[in-house]
Amino acid sequence: YVTFFIALATILSNIVLVSVFVFRSSRTSTTIVLTSLAISDSIICLTRLPGAIYFNMAGNYKNLYITYPWCIATHVLYVIYQVFRMTSNWLTALLGVQRLVAIALPFKHGKLINSRASCVEIAVIVAVSVLLNLYEALGIFISELPIYKTWYYNETLPSSCTRDISQGLVSAFGDPTKSKTLFLIFSGLLYRVLPVLILIFTTVMLVYFLYKRKNIRTSNTEEKKKKIQRMTVLIFLILVVFLIAEIQDGIAYFIYAAELSQDKNRQILSKEDDIRWDTISSMLSLINYACNFWIFFLMSQQFRLALLDIFKSGFRKAHIYFNLDESDEESVSNTRNTSLTSKNEKSTFV
């Protein structure tokens, strides 16, 4: 239930966030990355909703097996989840790097980071995420498994499924166990460890530069200086929330890597501990996706004013629309009354 409501609230709040950035904000490299991050986070939450509704809220986790359509659906949703979680990780890392460059190199920032470069970087991140997860998307072959009620094979239940390594993967990479181990190590480094290390570095450096430049006078006006500082604090909070949610995922990766390297499966983390860790990790990630909107809402007066302006314009348009409907109805009724009066006048004349 918690997963469902957090995911749904995150999707709705990110729709509002994107609408503010698109319709009421100047198009900068930061807003482009933040918009892409909100869209990516929303897609992640969308992949969590079907499972939360079908398995948990509807109680189908009590069934003895998963039906074949849900085997396919679960695999597709898992691959989409992996693609966009990697995308969100790298978009957050990109956000941290951009803000660090803006603070460390204020005069060269405009040349190094601009809207066009940000769009290219986002496209590269999405493309690499898709290509990396093709191994898992196409490497699993899911076949239908009939389930019979009796030994006579005449009464069937809904089919289940079996998951095997696809022959195409075996012919392309050889030993599936070795290729899977290499994939887990490479994808884990690229997807979990490297973005977290980049963010730890950028977060520490942001704190350093903010402290260093706190009392330094610059050529910027006081208002512009405060605006830059507020945006930096906002980005800093987003990075810290992300690190709290994702750093334990990096720790889990090192535990899995240690188990694989020593060929000691489930020696460090038991199956029960692994499930518990994964549950906590998923919940922290969901909370992280939900936090971005509230960070902007609570800390940015400009964001609140833009949000209020959107709601006001929406109410204004709705009011005009309903008034037009009422005026149309009135004009139709007036036309009918006029036609009736003219008919009466004609009959009297005759």
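**Figure 1. Helix H8 gives the largest share of the nonpolar surface patch, four residues.** The model shown is predicted: local features need pLDDT of at least 70, side-chain atom pairs count only at pLDDT 80 or more, and totals for chains, interfaces and linings use all residues. Residues are numbered from 1 along each chain as its sequence is written, and side-chain values use heavy atoms, with hydrogens and water left out. The patch is made by Leu-194, Leu-197, Ile-200, Val-204 and Ile-247, and covers about 410 Å². Patches consist of residues with over 30% relative accessible area and no salt bridge; nonpolar side chains (Val, Leu, Ile, Met, Phe, Trp, Tyr) are joined within 5 Å, and like charges within 9 Å. A salt bridge is a side-chain nitrogen of Lys or Arg within 4 Å of a carboxyl oxygen of Asp or Glu. Leu-197 of the patch lies in helix H8.

**Figure 2. The protein chain has eleven helices and two strands.** Helices (H or I, at least four residues) and strands (E, at least two) are DSSP runs, numbered from the N terminus. The order from that end is α-α-α-α-α-α-β-β-α-α-α-α-α. The accessible surface of the chain comes to about 21900 Å², with 66% belonging to carbon and sulfur atoms. Such areas come from the Shrake-Rupley method with a 1.4 Å probe; for residues, only the protein chains shown count as cover. Of the 350 residues, 35% count as buried, a term for under 20% relative accessible area, with exposed set at over 50% and partly exposed in between (1.4 Å probe, protein chains only).

**Figure 3. The largest nonpolar core has 38 residues.** A nonpolar core is a set of buried Ala, Val, Leu, Ile, Met, Phe, Trp, Tyr and Cys residues joined through side-chain atoms within 4.5 Å. Leu-17, Leu-34, Phe-296 and Phe-303 have the most contacts inside this core. Helices H1 (2-23), H2 (29-57), H3 (68-104), H5 (115-132), H8 (176-212), H9 (222-261), H10 and H11 (301-349) each give two or more residues to the core, and H3 gives the most, eight. A second, separate core of twelve residues includes Ile-6, Ala-7, Leu-286 and Ala-290.

**Figure 4. Phe-296 is in contact with residues including Leu-234.** Contact means heavy atoms within 4.5 Å. Leaving aside neighbours within four places in sequence, the partners of Phe-296 are Leu-17, Phe-21, Leu-34, Leu-234, Ile-238 and Phe-303. Leu-234 is in helix H9 and is buried, at 4% relative accessibility. Its C-alpha atom is separated by 6.9 Å from that of Ile-295, 61 residues apart along the chain.

**Figure 5. Thr-202 and Ser-281 are two buried residues.** Thr-202, in helix H8, has a relative accessibility of 1%. Not counting residues up to four places away in sequence, Thr-202 touches Gly-96, Val-97, Leu-100 and Leu-239. Ser-281, in helix H10 (residues 271-299), has a relative accessible area of 3%. With residues up to four places away again left out, Ser-281 touches Arg-85, Gln-248 and Asp-249.

**Figure 6. Residues 64-84 and 189-211 are among the spans that an unreviewed UniProt entry annotates as "transmembrane region".** UniProt positions are given in the numbering used here, feature names are shortened, and annotations may be inferred rather than shown by experiment. In the model, residues 64-84 are 81% helix and 0% strand, with end C-alpha atoms 31 Å apart. Residues 189-211 are 100% helix and 0% strand, with end C-alpha atoms 32 Å apart.
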